[in-house]
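Please keep the structure in view while reading.

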Amino acid sequence: MMLTIDMDTARRFILGKQGLWPGRRWRGIQGAEQAMRTMEYLQLDPLQIIARSQDIKLHSRVLDYTPGLWEDLAYQQRKFFDWGGWLAVRPMDELPHWRVVMRHERDGGPDCDSRIHKLGRDHADAIAEMRAILRERGLVNNRDFEMATRTRTHSYRGRKDSALALYYLWRTGEVMTHHRENFERVYTLTEMVAPAHLIYESDEDEADRFLIQKEVSFSGLSRLNRTSDSFHRGAPFRRAKQLIEALLSEGDLLQVQIEGWKALHYALGSDAEALHDLNAGRAPKAWTPMGATTLEEVTFLAPLDPVSARGRAKALFGFDYVWEVYKPEHKRTFGYYTLPILWGDRLVARFDSKLDRTMNTFVILGLWLEDATLGNDEAFAEALACGFARFVTFLGASKLDATAIGEPLLRRRVCSIISPDGLRMNRNR
């Protein structure tokens, strides 16, 4: 089946698949679980400048989201687990499929990270030692082992052989993350975390099909090419053509041609109805927002949000976005932790900020518009103020410093979300 769509439909579909348009359709911790499943992968990042990237992602999709709810779902309720060189949280019920990938990594499979297999050979003694310690102690943190007692290594995965050994056991599925302390993994044996009925391997063909379809769902529209993230997550590129043909013939995938783009893309067959709705100019009923739409209230995208990261913002929105956190200061165009601003179905601006925890003040360091006329747009000013009102609440700040916003109308509206006594005004819809 081949479907032709225009760029507006493609953009809305990709946003909607990720729960970002036409507005938030989930709420609270149950909504966070729904969002995490719908997103397919919640990529994790340790940096906490204003909030961690994974929490900002969920804030942009879930009403009443508070930082750390994803950890409750993963490490208390055990509905998700974290894993992979491309570190992401995945639903626990997918574990049998990922255990196939874990075995390939241990054995040195052609589509997996060969460094893991080499790690197993190079640090076999330390791995055996950590395995025995885990069985004895139950919980193990890399910090449990003093540098003076270990063999020093020169890997970005760790400076001690114990760190690499624990990482190897985690990547190959013998251990899992029990919980995190200051974002560092605390390891335990897999049987202490995963339900017994999920500790097995899927059939190879079943796992391969799962990986392909998960990648397509994550992207919304995917080229399924060798450079895509899926092939760093275990998707079997050597069999990709055969798998795609089978999935197309069975209706599990459909081909999509996007006007203006040369490359053919793939979507899930189950998304055909949503694509037809969007082509007809209406949003799918399942996407109906619980609160304000993105036109009524802007949404801030996390630095690692899949709709805008890794050059996708340029392709989808004509918005040139690079996360500059790892650039030297003198090479930054905008700022250290700049976030894109979604209004309607377009990225229209970006802002840099910091959270002054001593003064409990959210400080806007700069705001840059793609179109200068938005600085005098009443509807945008109101939507921007509502977005910042929700964001300040999410961060738990009591004050906001918006003096860096250059446009008078926007600055006045944003400043108005904080009353003179410092309490947040309820502008949320």
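This is a predicted model: local features need pLDDT of at least 70, side-chain atom pairs count only at pLDDT 80 or more; totals for chains, interfaces and linings use all residues.

**Notes on the model**

1. Glutamate 40 is found in the loop between H2 and strand S3 (42-43). Its phi is near 80 degrees, a positive value in a residue other than glycine. With a relative accessibility of 13%, glutamate 40 counts as buried, because buried means under 20% relative accessible area.

2. Asparagine 360 sits in the loop between strand S16 (346-356) and strand S17 (361-369). Is asparagine 360 buried or partly exposed? Its relative accessibility is 29%, so asparagine 360 counts as partly exposed.

3. The loop between H1 and strand S2 (26-27) contains proline 22. The peptide bond that leads from tryptophan 21 to proline 22 is cis, and its omega is near 0 degrees. The student may wish to locate this bond in the display.

4. Helix H5 covers residues 95-107, which makes 13 residues. From its first C-alpha to its last, H5 reaches 18 Å, close to the 18 Å expected at 1.5 Å a residue. Just after H5, glycine 108 takes a positive phi of about 85 degrees.

5. Which residues of H5 are buried? They are Leu95, Pro96, His97, Trp98, Arg99, Val100, Val101, Met102 and Glu105. The elements that cover these buried residues include three strands, S5 (80-83), S6 (88-91) and S10 (175-181). Helices H6 (114-122), H8 (161-171) and H9 (204-219) also contribute to the cover.

6. The next points concern charged side chains. Side chains of opposite charge can pair when their charged atoms come close. A search of the whole structure finds 31 salt bridges. One of them joins the side chains of arginine 11 and aspartate 8, with a distance of 2.4 Å from N to O. These two residues are 3 apart in helix H1 (residues 7-17), so about one helical turn separates them. Arginine 11 is buried at 3% relative accessibility, whereas aspartate 8 is partly exposed, with a relative accessible area of 35%.

7. The closest N and O atoms of arginine 37 and glutamate 33 are 3.5 Å apart. Here arginine 37 is partly exposed, with a relative accessible area of 30%, while glutamate 33 counts as buried at 16%.

8. Where in the chain are the partners arginine 180 and aspartate 82? Their side chains meet in a salt bridge, 3.3 Å from N to O. The pair links distant parts of the chain, since arginine 180 is in strand S10 and aspartate 82 is in strand S5, 98 residues apart. Both arginine 180 and aspartate 82 are buried.

9. Salt bridges can also be traced through a group of residues. Asp205, Asp208, Arg209, Arg239 and Glu250 are linked in a network of salt bridges.

10. How do H1 and helix H11 (residues 272-279) cross? Their axes come within 9 Å and cross at roughly 135 degrees, which makes H1 oblique to H11. The contact is made by Thr9, Arg12 and Phe13 of H1 and by Ala274, Leu275, Leu278 and Asn279 of H11. The crossing of H1 past H11 is right-handed.

11. At 0% relative accessibility, phenylalanine 388 counts as buried. Leaving aside residues up to four places away in sequence, phenylalanine 388 touches Phe300, Phe351, Phe362, Ile364, Val414 and Ile417. A separation of 14 Å lies between the C-alpha atoms of phenylalanine 388 and alanine 302, which are 86 residues apart along the chain.

Note on methods. Residues are numbered from 1 along each chain as its sequence is written. Side-chain values use heavy atoms; hydrogens and water are left out. Helices (H or I, at least four residues) and strands (E, at least two) are DSSP runs, numbered from the N terminus. The expected span of a helix is 1.5 Å times one less than its number of residues. Buried means under 20% relative accessible area, exposed over 50%, partly exposed in between (1.4 Å probe, protein chains only). Contact means heavy atoms within 4.5 Å. A salt bridge is a side-chain nitrogen of Lys or Arg within 4 Å of a carboxyl oxygen of Asp or Glu. Axes are lines fitted to C-alpha atoms, for helices over the stretch in contact, and angles run from 0 to 180 degrees between N-to-C directions. Angles under 35 degrees count as roughly parallel, over 145 as roughly antiparallel, 65 to 115 as roughly perpendicular and the rest as oblique. A crossing is left-handed if the near helix is turned anticlockwise from the far one by less than a right angle, and right-handed if clockwise.
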